[in-house]
Amino acid sequence: MCMDAELEIRSQPTFCTSMYGLCFYINCPGKISLMKEIVCLIKWMGGMFVKEPNGLTTHMVTDSTLAKGYEYCFTFRVPIMTPDWIKYCWRNRYVPGFKALHHQGGYEIKPFAALSISLKGFGSGILKALKCSIQNNGGEVVPSSDINCTHLVLESNIANDVRFGDIPPHIPFVVSSDWLYSCLEQKQRAYEEFFTCLCVNSLDEIELEEGDETISSSVCEESDKSNSLNDITSTSIGSSSNVADYKRQDMKRKFAFEELCQTEQNYIQCLKSLLEIKFRASKASKCPILDPAEENLIFSNIGDLIELHEAIYTELQKLKDDWKNEAQIGNIFIKMDKYLKKHYVTYTNGFKARKEYLKQCVTNNARFRELLESMCMTKERREDLYIRPIQRLCSVDLLLQEIRKNTRDDNPDKKSLNEALQVIRNVLKLMDNDRARYKNYEYLFCIHDFIENCPVDLVNSNRDFIVEFSAQEIVNKKHTLGADVEFFLFSDVLEITKPRSTTFGLWTDDGSVKRNKSKPFKHIAMLSLSIVLHVVRFQDSTDANSLFGFLVRDVNNEKKTKFYCFKYTDEENMDEVILKIAKLLCSQRDSSKTPEDFILESPSKGRVSIDPIYSQKENTLAMGVVKKASHFVNNLIGRGSKPRQKLRRSKSCSDIFHF
């Protein structure tokens with residue numbers, strides 16, 4: 001069928017499959033030969049690698065926590081491994097069934113790998129313990145004058161006493177001791193931006209250099225000239241600390257925005273990975289892998305989502321390239337409100353059907369299965385990609401909350417962020433409502449299929465299923481129990497059915513029983529809640545505690561009413577079910593009344609005329625049919641097989657005598 005397909009020729013064939021399905025990002029700064037060796041080993045073990053970390057990345061390989069991509073992998077919990085792990089897996093290439101994913105322990109990169117740390121202000125006892133911890137976690141302790149020093153860690157008590165003039169200019173990071181403890185706790189290099197030391201004296205120097213001396217001068221002007229020099233100094237220190245808080249807040253806002261940009265780019269890559277399956281399947285023009293109908297069902301709406309989020313990412317990138325603290329981030333999502341609702345609601349409605357159909361294609365279409373395997377699209381990977389659009393707006397909501405949290409009140413973006421969050425939450429609410437509505441439709445069709453002679457108009461797009469419960473019919477004033485009934489309560493009707501066995505027996509000519517499947521419920525009546533006047537609850541005697549009923553207006557004569565009485569099988573939930581019915585009656589009637597107004601307490605036993613909903617005549621006919629059927633079955637069992645044997649024997653004897 002596909003004889004024209006060319007064979008794939010690999011210049012570096014796979015030696016084993018211990019890394020099959022893994023995708024690596026490799027970055028060992030200044031060690032090109034080591035990176036080339038790692039790339040070859042990964043290829044020989046069936047792995048792949050990417051030039052930049054993205055949604056496909058499963059592992060990062062590096063020997064330095066300062067390498068590019070480390071922060072991304074740390075943020076998104078991508079395992080960061082050392083080159084020794086790759087070499088260890090290669091040494092075990094001959095072990096049958098060896099999988100690299102199951103042997104990661106002990107090869108994760110340490111938090112201080114390739115870092116040179118200088119400690120200042122610590123006591124001798126703490127200093128010795130910190131040096132030991134840093135060395136055990138891949139780092140080294142050096143004096144601050146060392147040209148290779150990457151971090152200067154200051155003890156919290158002396159951070160405010162250190163001037164920037166005392167710090168060597170070659171040190172890129174000056175952090176507090178909390179950064180050190182955070183790294184040891186997380187077992188990863190933490191973000192230095194959250195632990196940067198901003199001391200008062202150095203901050204005053206920086207503000208003067210940047211021309212922001214108006215803050216301290218305005219504070220001094222507002223103070224009384226008769227105050228002492230100490231009062232002026234304390235006021236300026238307070239204003240400087242406020243500026244430090246503002247700068248730290250602005251820094252966190254920018255970092256959260258950059259994370260939003262990065263996650264948006266990764267999300268687009270995930271969507272493109274799904275669309276790439278369609279493109280590769282459609283390349284085989286002579287013998288297509290998927291039909292056009294299958295492609296439209298599996299990959300519908302994904303192209304629209306890519307187009308939408310590429311537009312969002314373009315706007316975000318413009319703000320990032322020309323970053324200002326007053327950048328209007330929220331306006332981007334407000335402008336996309338219409339398209340977010342349209343495309344995400346469409347994707348949510350067909351998500352379950354798309355997922356099930358993809359599963360069928362993978363099972364039944366061998367060529368499509370081979371295509372997915374060649375792209376390393378495992379079952380877990382496919383499910384992860386298909387669920388991403390459902391999860392994306394939730395992560396956007398969290399990131400926008402983080403940006404709003406770190407936005408000043410006087411920033412004009414504060415208002416737009418609130419509106420953008422409302423837009424995202426409205427879309428999520430629509431997605432949840434449509435999902436619930438779709439499940440409700442499925443349940444309605446399922447109930448309709450389970451009921452024999454069910455009315456066609458039971459399935460209605462404006463009807464919601466509420467609850468199902470069981471009871472026994474009361475046929476007279478003496479509370480005589482009748483047939484078992486099953487109730488299906490909907491938002492506007494009450495479907496009453498009679499349970500029946502799932503199978504019934506039919507005797508065949510050879511005496512065996514042939515069992516045919518039947519529907520588990522039989523339709524009795526469908527009461528519209530508009531004709532139900534009250535729910536009646538019996539609470540006047542011990543034997544009537546579990547009884548309830550419906551006072552219904554007679555359709556044929558509106559001046560008359562009928563009363564249907566039942567015994568609830570589950571007494572614990574009876575009050576809850578009665579209250580639900582009363583609430584539905586209240587919602588359809590006068591809004592000034594409460595649900596309790598539609599619940600009536602019954603009169604004493606023997607004073608109520610009960611109308612059986614499953615009539616006594618039908619019960620009598622049914623019992624007569626059952627008696628006749630049992631009599632017929634007993635006759636067949638008792639003497640059905642023996643007369644046949646006698647007839648066969650007599651026939652054979654007559655043949656012998658005739659011979």
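Predicted model: local features only at pLDDT ≥ 70, side-chain atom pairs only at ≥ 80, totals over all residues.
Residues are numbered from 1 along each chain as its sequence is written, and side-chain values use heavy atoms, with hydrogens and water left out.

E264 is buried, with a relative accessible area of 1%; buried means under 20% relative accessible area, exposed over 50% and partly exposed in between, with a 1.4 Å probe and protein chains only. Leaving aside residues up to four places away in sequence, E264 touches H309, I312, Y313, L316 and R392, a contact being heavy atoms within 4.5 Å.

The aromatic rings come next. Rings of Phe, Tyr and Trp (its six-membered ring) pair if their centres lie within 6.5 Å, and planes under 30 degrees apart count as stacked, over 60 as edge-to-face and the rest as tilted. By this rule the count comes to 23 aromatic pairs. One of them is the tilted pair of F24 and W85, with 6.0 Å centre to centre and 50 degrees between the planes. This pair links distant parts of the chain, since F24 belongs to strand β1 (residues 23-26) and W85 to helix α3 (residues 83-91), 61 residues apart. Both F24 and W85 are buried. F548 and F566 also form a tilted pair, 5.9 Å centre to centre with 35 degrees between the planes. F548 lies in strand β17 (residues 547-553) and F566 in strand β18 (residues 561-568), so the pair ties together parts that are 18 residues apart in sequence.

Helix α4 (residues 124-136) and helix α5 (residues 177-186) pack at an angle of about 45 degrees, with their axes 12 Å apart, the axes being lines fitted to C-alpha atoms over the stretch in contact and the angles running from 0 to 180 degrees between N-to-C directions. Helices α4 and α5 are therefore oblique to each other, given that angles under 35 degrees count as roughly parallel, over 145 as roughly antiparallel, 65 to 115 as roughly perpendicular and the rest as oblique. The contact is made by I126, L130, S133 and I134 of α4 and by L180, Y181 and L184 of α5.

Technical notes:
Helix = DSSP H or I, 4+ residues; strand = E, 2+ residues; numbered from the N terminus.
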